[in-house]
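I opened the model to look up a few points and kept notes as I went. The entries follow in the order in which I looked.

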Amino acid sequence: MLILEKLCLGYNKVIYREINARAGKNEIIALVGPNGVGKSTLLKSIAGIQKYHSGTIKILNKDIRSYPPNKLAEQLSFVPSQSPRAKNFSLFDMVSTSCYNRTNWLGKISEQDYDFIYSTLKKVGLDGFAGRDSSKLSDGEFQRAAIARSLVQDSQIILLDEPTAFLDIANKITITRLLKEIAEQENKTIIFSTHDLQHALKICDKIWIMGHSQFFSGEPENLIEKGAFEQMFKDSSLKFDSKLFTYI
Amino acid sequence: MLYLFCTILGAGFHPAQIVKLKRSYYKEYAIIAILLLALVVLNLILGSVIIPVKDIVSTLLGHHTSDFVSDILFSLRIPKLITALMAGAALSICGLQMQTLFKNPLADPYILGISSGAGLGVAFFVMGVSAFGISMPSSLFFSLGIATSAWIGAFAITLLILLVSYRLKDNISLLIFGIMLGSAVSALISLFQYFSSTSALKVFVLWTMGSFTGLNPGQIWVMFFLILTGFALSVYNIKDLNTLLMGEAYAKSLGVNLEKTRRRILVATTLLAGSVTAFCGPIGFIGIAAPHIARLFFRNADHKVLIPATALLGAVIMVFADTAAQLSTPIIPINTVSALIGVPVILAIILKNRFV
């Protein structure tokens, strides 16, 4: 589905080099790494929001640079870490903006999309919220709304930049479960960056590790065996505990 | 009808919910329309000469009343009213788009220095023309020259702000940049004024005070078509403006071509604000105030609702301001009245922190 080959991030100068990774259908992948290593940059580069230095990003065996923006949006959707909230913009209006490539010049929603938006809101547990002011939703609800928005965009791949940051534990678990469910039931590829390694190891099919010096990709067990997690914070005194799935 | 639609849509949704979603704004629009109509009538009646309604009606219907009344109406109040309506709607829509584009509730053509840009263009033209000894303030050449130079000035400043906005992602910095740019441009204008002739200076100073009077039908038509084009472009911008509400990263991930969208908004605002400024002078504060009043009144951030609402409310405010200005003798410059209305609104926004 998605292939990264010798991808070097950055614009004028390389900020991260040689990423080789793959993501398939139904897969949920966690992107982990220290702060400031370039997780957001990687996700934004894949989403076509940001330019990258060199290498290739392929979707369905085609370089993303050969996709026109609207065609790329059919393949990929992106959930920013903190979307700005627009006052008095109803949840329905917020979610319906993602029908952008299917609506006419004025953005009129078709009846089919009406149903789609409602069933999606139901799926993320926001049925009955459609008419509410989206800016007044709680952080957890807003994150689910943003996920609903990318589901309505109806892309094969969904990229999320720290969807669980700023959330309490209950909301963190709700969101990650929801993502897992979406990957399984809707045949989507989900890639999200997170700092919650423990949880990621439990639910994700694959982990992408952006260490300071090296990029690893693989199934959780293999990565633990390879000692990839030790690499992530190798300059610090932290040790990875393979039973607790966390650093001590 | 709505209920029928809900039942057809059916599939377990509560009709009340859909009714709420598909909320129509007939009531709000009707209130504004009635208000506008009342103000329009008042605007025609009131002034240094009060014309009774029955005289207005019979004159408008073509019955002969008195030459005096029809003269005031056709050569003074009606052209002025039409100009005020267009200016109010145009500046307000312009302000709305800039607020969304810059994600800044205080953005408007005046504060960001675009009107000063138009002023600089006009100063160049008026003083340049007078320097060459051509002085025909009412000729078509002169009025088109003012308009063209105002657009060029407005466009140049908007372009500069847009270029800087790529670098300055922070809205407050951009706002400060706009204000500084406006001051710099004003300084340049002062320099021009210092070196210009008395007659040119008078034309220019009168232009800066803002006025809806003195436009001949030809000029009104030119202004009408320019604003119509700007309005059409603004309506076309609605879809992209709505995606911009939720951040540029998201808009870009939807496949919105941000550069094109920015350019389209730029052209629309230049057409709208540039034309109004060209023909009526720099008129401040309406561009900020009207979109906020529309947001408060309609409680909806969707630009499909906001664009017509803002245009109507802008027209209402402008006609109100014009009527108020017209009541005094001698007539107060429109800029004074618009500031008196606009400033409290802006202060209220800051105090209540009612950001977009």
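Entry one, the contact between chains. I am working from a predicted model.

I went to β9(A), residues 206–210, and asked how many of its residues are buried. The count is 5 of the 5, so the strand is largely enclosed by the rest of the structure. I checked each face in turn. Lys206(A), Trp208(A) and Met210(A) lie on one side, Ile207(A) and Ile209(A) lie on the other, and all are buried, so both faces are covered.

Which strands pair with β9(A), and in what sense? I found β3(A), residues 28–32, running parallel to β9(A) and joined to it by 4 bridges. Within this pairing, I noted Trp208(A) as the bridge partner of Leu31(A). I also found β10(A), residues 215–218, paired with β9(A) in the antiparallel sense, again over 4 bridges. Here Phe216(A) of β10(A) stands opposite Ile209(A). I followed the chain from β9(A) to β10(A) and found a hairpin that joins them through 4 residues.

Entry four, a helix in chain A. I turned to α4(A), residues 111–123, which has 13 residues. From first C-alpha to last I noted a reach of 18 Å, close to the 18 Å expected at 1.5 Å a residue. Which residues of α4(A) are buried? I listed Ile117(A), Tyr118(A), Thr120(A) and Leu121(A). They cover an arc of only 165° around the axis, which puts them on the same side of α4(A). As a reminder to myself, an α-helix has 3.6 residues a turn, so residues three or four places apart point the same way.

I next looked for what covers these buried residues, and found that the cover includes α3 (91–96) and α5 (139–153) of chain A. The face of α4(A) turned away from the buried side carries Glu111(A) and Gln112(A), which are exposed. Last, I looked just past the end of α4(A), where Gly125(A) takes a positive phi of about 80°.

Notes:
Residues are numbered from 1 along each chain as its sequence is written. Chains are lettered from A and ligands numbered from 1 in the order in which they are written. This is a predicted model: local features need pLDDT of at least 70, side-chain atom pairs count only at pLDDT 80 or more; totals for chains, interfaces and linings use all residues. A residue is buried if 20 or more other C-beta atoms lie within 10 Å of its own, exposed if 12 or fewer, and partly exposed in between; C-beta atoms are placed from the backbone. Helices (H or I, at least four residues) and strands (E, at least two) are DSSP runs, numbered from the N terminus. Two strands pair if DSSP finds at least two bridges between them. The expected span of a helix is 1.5 Å times one less than its number of residues. The arc is that of the directions from the helix axis to the C-beta atoms. Two residues are in contact if their C-beta atoms, placed from the backbone, lie within 7 Å.
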